[in-house]
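Here's a short tour of a protein model, written for someone just starting out with structures. Have the 3D view open and follow along.

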Amino acid sequence: ETNRMNKILDSILRRTLKTPESTPREALYIETGLLDIEHHIIKNRIGMASRLMKTKNELLGKTLNREEQKSWIQKTRELMENLNIEDITLKENKEKASKIINKAVTDAFKKKLETAAETKTKVKFLLDNKPDWSPNKRSEYLNVYIIIYIIIQYLYHSVHTFQRVQS
């Protein structure tokens, strides 16, 4: 399921950035600083577990302490274990837990992209020229691109509104 959603996001990024279909997906995420859908889901799932662990609802407490193999919390704990996040961390205050979760997920995503990039020469070249890249940090030229896009949209809507007023 997440693979199909990732492919859709990859396609949207390629269209938005006007890159060819052959552009490696890793390059798209390195340039934009975005996380893929899979890692957004992981981050949100662990964040939800953090919020649920802080509640004092008895029914939720029983649900979270279930030991079944396929339960939601067991799958979430497996994800947390893969990211080296402990249950105690989730019981921290909201901001601290959120920072820890975000860092763990972005580090895992960065590692995944860099591992996949080892076999792709274009991405390897890109990484060699971007030693300080990290997820959630887009390339500087994209910041300018976004500002220009917003200005163009504003001008378009202003002209369009002005034309309607004139007629």
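## A charged pair to start with

Let's begin with Asp36 and Arg25, whose side chains meet in a salt bridge at 3.7 Å, N to O. Asp36 sits in the loop between H2 and H3 while Arg25 belongs to helix H2, so this pair ties together parts that are 11 residues apart in sequence. Keep in mind that you're looking at a predicted model.

Is Asp36 buried or exposed? It's buried, because its relative accessible area is 0%, and the cut-off for buried is under 20%.

How many salt bridges does a search of the whole structure find? The count is 7. As a general idea, side chains of opposite charge can pair when their charged atoms come close.

One of these joins Glu38 and Lys112, with 2.9 Å from N to O. Here distant parts of the chain get linked, since Glu38 is in helix H3 and Lys112 is in helix H7, 74 residues apart. Glu38 is partly exposed, with a relative accessible area of 24%, and Lys112 counts as partly exposed too, at 36%.

Now look at Asp107 and Lys103, whose side chains also form a salt bridge (2.9 Å, N to O). Both residues lie in helix H7, 4 residues apart, which is about one turn of the helix. Asp107 counts as partly exposed, with 37% relative accessibility.

## A buried glutamate

Next, find Glu26 in helix H2, which covers residues 25-32. Glu26 is buried because its relative accessible area is 5%, and anything under 20% counts as buried.

Which residues does Glu26 touch, leaving aside its neighbours within four places in sequence? The contacts are Leu113, Ala116, Lys120 and Val123.

## The largest pocket

Finally, turn to the largest pocket, which has a volume of about 210 Å³. The elements giving two or more residues to its lining are helix H3 (37-53) and helix H7 (94-117). Among the lining residues you can pick out Lys43, Asn44, Arg51, Lys94, Ser98 and Ile101.

What kinds of residues make up this lining? They divide into 2 nonpolar, 5 polar and 4 charged.

Terms used
Residues are numbered from 1 along each chain as its sequence is written. This is a predicted model: local features need pLDDT of at least 70, side-chain atom pairs count only at pLDDT 80 or more; totals for chains, interfaces and linings use all residues. Side-chain values use heavy atoms; hydrogens and water are left out. Buried means under 20% relative accessible area, exposed over 50%, partly exposed in between (1.4 Å probe, protein chains only). Contact means heavy atoms within 4.5 Å. On a 1 Å grid over the protein atoms alone, a cavity is a set of points where a 1.4 Å probe fits but cannot get out, and a pocket is an open set with protein on both sides within 12 Å along at least five of seven lines; lining residues have an atom within 4 Å of a point. Grid points are joined across faces, edges and corners, and a volume is the space filled by probe spheres set on the points. Ala, Val, Leu, Ile, Met, Phe, Trp, Tyr, Cys and Pro count as nonpolar, Asp, Glu, Lys and Arg as charged, and the others, Gly among them, as polar. A salt bridge is a side-chain nitrogen of Lys or Arg within 4 Å of a carboxyl oxygen of Asp or Glu.
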